[in-house]
Amino acid sequence: MTPATEVMVNPQVGLTAPEVAERVARGEVNAFPDPRSRSLGDIVRANTFTWFNGLIGTLWVIMLLVAPIQDSLFGFVIVANTAIGIIQEYRASRTLAKLAVIGEARPTVRRDGQDLSVPKDAVVLDDIVLLAVGDQLVVDGVVLRSEGLEIDESLLTGEADPVDKVVGDQAMSGSFVVAGSGVYRATRVGAESFAGRLTEQAKDFNLTNSELRTAINGFIRAISFLLVPVGVLLLWSQLVRADLPFDEAVRGTIAGIVTMVPEGLVLLTSIAMAVSVIRLAQKRVLVQDMPAVEVLARVDTICVDKTGTLTEPGMRVQKVVPLSRDMTTDAVAPVLGAVAASAASPNPTLQAVAEEFRSPGWSVLGLTPFSSARKWSAVDFGEHGAWVLGAPEIVGADAPAEVRQEADDLAGTGARVVLLARAGQLPSVDDVLTALTPVALVAISQELRPDAAQTVSYFLDQDVTVKVISGDNAVTVGAIAQEAGVPGADHPVDARDLPDDPQDLAQPIDDANVFGRVTPLQKQQMVEALHLHDSTVAMTGDGVNDVLALKKADLGIAMGSGSGATRAVAQLVLLDDRWSVMPSVVAEGRRVLGNIERVSDVFLTKTSYSVVFSLFTGIFAVAFPFLPRHLTLVSALTIGIPGFFLALMPNTERFRPGFLRRVLLFAIPSGIICAASALVSYTVALWVGEPLLAAQSAACITLFIVAIGVLLMSARPLNALRIGIVALMIAMFLAVLFIPFLSTFFAVSLGPERYSLVAIGAGFVGVVLVWLAALITDHWRRPPARTTRRSTRRPVR
């Protein structure tokens, strides 16, 4: 598709239905693939055709040719695991697709003279698109009408300052409206648009591109380098030095190689993430970026906007305070009504004013729309004068002290306060407000959400710092924050007095928790300052003034009723606008990541003891200590089955950086102890003259006992459910030992022979050693003590 040539479309009418149909038939629609989603075929291919599946699949085929079916069970486990992974990811993908339809932005287009809200992929070439504050542009186009239109292109160009758009200017998809309103004609749609080209470049899908997945993949890559040399060593030692038959040598070699690969850990990580997405979707939380699940578990600071987060949606005028004797509320009412009616896309404040005061129908000669950065708007009504409405600190900067004091007193009640002032002429966006005559203060009430205090209390109990960052008056923000129980709310900070440089801002943002009169750029700078102190920051917001901060935060959380631009850049969207769902959302992230670390302990322990077994066999040229079916049995009962359940259990511990280091501190000593205990049992059985199969059975029993000890240590803190799972695994192993069919099938039994006592004794000694090793390594694995900062303590009541 080529860019549109100049066409004649009446902006008052837009395209007609036949013209839209023609463009749809030609494929001139705003459709391009979503980089965050993939088809069932893509999911199947991604889960099936992996390097390790190819390796293990090849070994499985070889094993089927040279050994009994019992020794090929590991292949069936891989098939089952892959199928489970495909099903869970497909379920998560379908759930996200359904929720995305609810949360996506719907642009307004003009067709046949009517303004219609349509899905973004229904916009066609030459459509007339209407723009209002908070709208994200979904196609490229040329501006046809501008009423103070200002567009933020920072997400595309990196330029923080909004760009004034006049008739004839180009507008790029991916940018968003921060002030004013306008109309533009779509000139590039779909893959030809700016956003479409970016999507094409970023179309690679990453399920869990996170520290957790990176660490696991890094470990697996390291192990993969060992597979070939260890495999060659094993085969050579079995064939040449141990002089075993070819089929037995191959069977022992494959057993050693397969067990070294923690393939189930990658799958379990993906399953846990997918299950988490489904669970969050049930809470009406849309996950737009999968790594958000991990970040949820690591958050230690959450920044919230006051309006719409701590307070209920919607506002109402509480009172009007005239500032001169000759001015009454009745005289002010038509001015307020006219100012509110002049805005093409009124913000919540102007909506509240418009609901309270009827518009007199005055003609608008000029307009300077409201901007979060300026914090005021202005209208020229000709013979009725020019008026400015905005923050008292800005509009009333030159006002008498008693006016500012009256504004502070009203703000102290938790109300939003705006000042109406008369101007000699209409100020432009670049003017400094001077020579204004204050006329009246308007107090607009906001109600604290009933569950706000409970939600704040949860975060404080979880050692998460809560910071309130708002564009409202600092006194107003402090009053609402204090009612919600935010520490430090009695000392709110006016952001106009803060430095601009994030380095200089780091200490003030650390010392205080409540900030008012914060500009959109300052919100972004505050997030950057928190990062300087290694904080993991979540940012919630619903307005266009929150977009930059949401993008900069580790985790951006948007309200479902917020602006389209806000929802587009956030990783999580709370579709029901309930901030009270956040505790359960954070708990979900901690559950998933904490449990994956717990399960990683046992998976990498298996890899550790497998490497020791392979090296021991290769160096000392003895028969491999296990049949493949032995390792399949032990892995299933001490890792695979319990790991699946452990990964889905509650866990409230905050995930911390250094995942791989902590896991290896546990897994390497535990793996060495497992291997040493099993090898002692195996060696003693051979030494007393037992046949090879009996010695392998003894090693299997010892390994199971020590591995159960490892499972118990990794499952701490133990509770009835976790102990029950471990007990069930022990019962299943005992069934294998004493039920003849199963004992024969797995070639493992426990009888009165002397080696059985040695196997059990070596196992219990190994359990004690694992327990002692865990006590020692816990000193390096547990989280460092956090210093309690003055700003995070609870207020004394």
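Across which strands does helix α19 lie, and at about what angle does the helix run to β19? In this predicted model, helix α19 (residues 520–532) lies across β9, β16 (465–469), β18 (514–516) and β19, and its direction is at about 160° to that of β19.

**Overall composition**

The protein has 797 residues, of which 55% count as buried. Its secondary structure comprises 28 helices and 21 strands. Among contacts with a separation of 6 or more, 73% are made by residues 24 or more positions apart.

**The mixed sheet**

The sheet that contains β9 and β19 is open and is formed by 8 strands, in the order β8-β21-β20-β19-β9-β16-β18-β17, with mixed pairing. At its edges stand β8 (285–287) and β17 (493–494), each of which pairs on one side only. Strand β9 (residues 301–304) is joined to strand β19 (residues 537–541) in the parallel sense, over 3 bridges. Within this pair, C303 stands opposite M539 in β19.

**The antiparallel sheet**

A further open sheet has 6 strands, ordered β10-β15-β14-β13-β12-β11, and its pairing is antiparallel. Strands β10 (316–322) and β11 (366–368) stand at the edges with a single partner strand each, so one side of each has no neighbour in the sheet. On average, neighbouring strands of this sheet are turned by 15° against each other, direction ignored. Strands β14 (residues 416–423) and β15 (residues 437–445) pair in the antiparallel sense over 7 bridges, and L419 has L441 in β15 as its bridge partner. Helix α15 (residues 401–411) lies across β10, β14 and β15 and runs at about 5° to β15.

| Strand pair | Sense | Bridges |
|---|---|---|
| β9 (residues 301–304) and β19 (residues 537–541) | parallel | 3 bridges |
| β14 (residues 416–423) and β15 (residues 437–445) | antiparallel | 7 bridges |

**Helix α26 and its surroundings**

Helix α26 (residues 720–738) has 19 residues and reaches 26 Å from its first C-alpha to its last, close to the 27 Å expected at 1.5 Å a residue. Its buried residues are R722, I725, V726, M729, F733, V736 and L737. Seen down the axis of α26, these residues fall within an arc of 130°, and they therefore line one face of the helix. The face turned away from this buried side carries the exposed residues A720, L721 and F738. The cover over the buried residues of α26 includes α22 (582–620), α23 (628–646), α25 (692–714) and α27 (740–746).

**T638 in helix α23**

Helix α23, one of the elements covering α26, includes T638. Is T638 buried or exposed? Its relative accessibility is 1%, and T638 therefore counts as buried, since buried means under 20% relative accessible area. The side chain of T638 reaches the backbone oxygen of V634 at 2.6 Å. With its neighbours within four places in sequence left aside, T638 is in contact with V602, F704, A707, I708 and L711.

Conventions:
Residues are numbered from 1 along each chain as its sequence is written. This is a predicted model: local features need pLDDT of at least 70, side-chain atom pairs count only at pLDDT 80 or more; totals for chains, interfaces and linings use all residues. Side-chain values use heavy atoms; hydrogens and water are left out. Helices (H or I, at least four residues) and strands (E, at least two) are DSSP runs, numbered from the N terminus. The expected span of a helix is 1.5 Å times one less than its number of residues. Buried means under 20% relative accessible area, exposed over 50%, partly exposed in between (1.4 Å probe, protein chains only). The arc is that of the directions from the helix axis to the C-beta atoms. Contact means heavy atoms within 4.5 Å. Two strands pair if DSSP finds at least two bridges between them. Axes are lines fitted to C-alpha atoms, for helices over the stretch in contact, and angles run from 0 to 180 degrees between N-to-C directions. A polar contact is a pair of N or O atoms within 3.5 Å; within protein, one must be able to donate a hydrogen and the other to accept it, and residues adjacent in sequence count only if both atoms are side-chain atoms.
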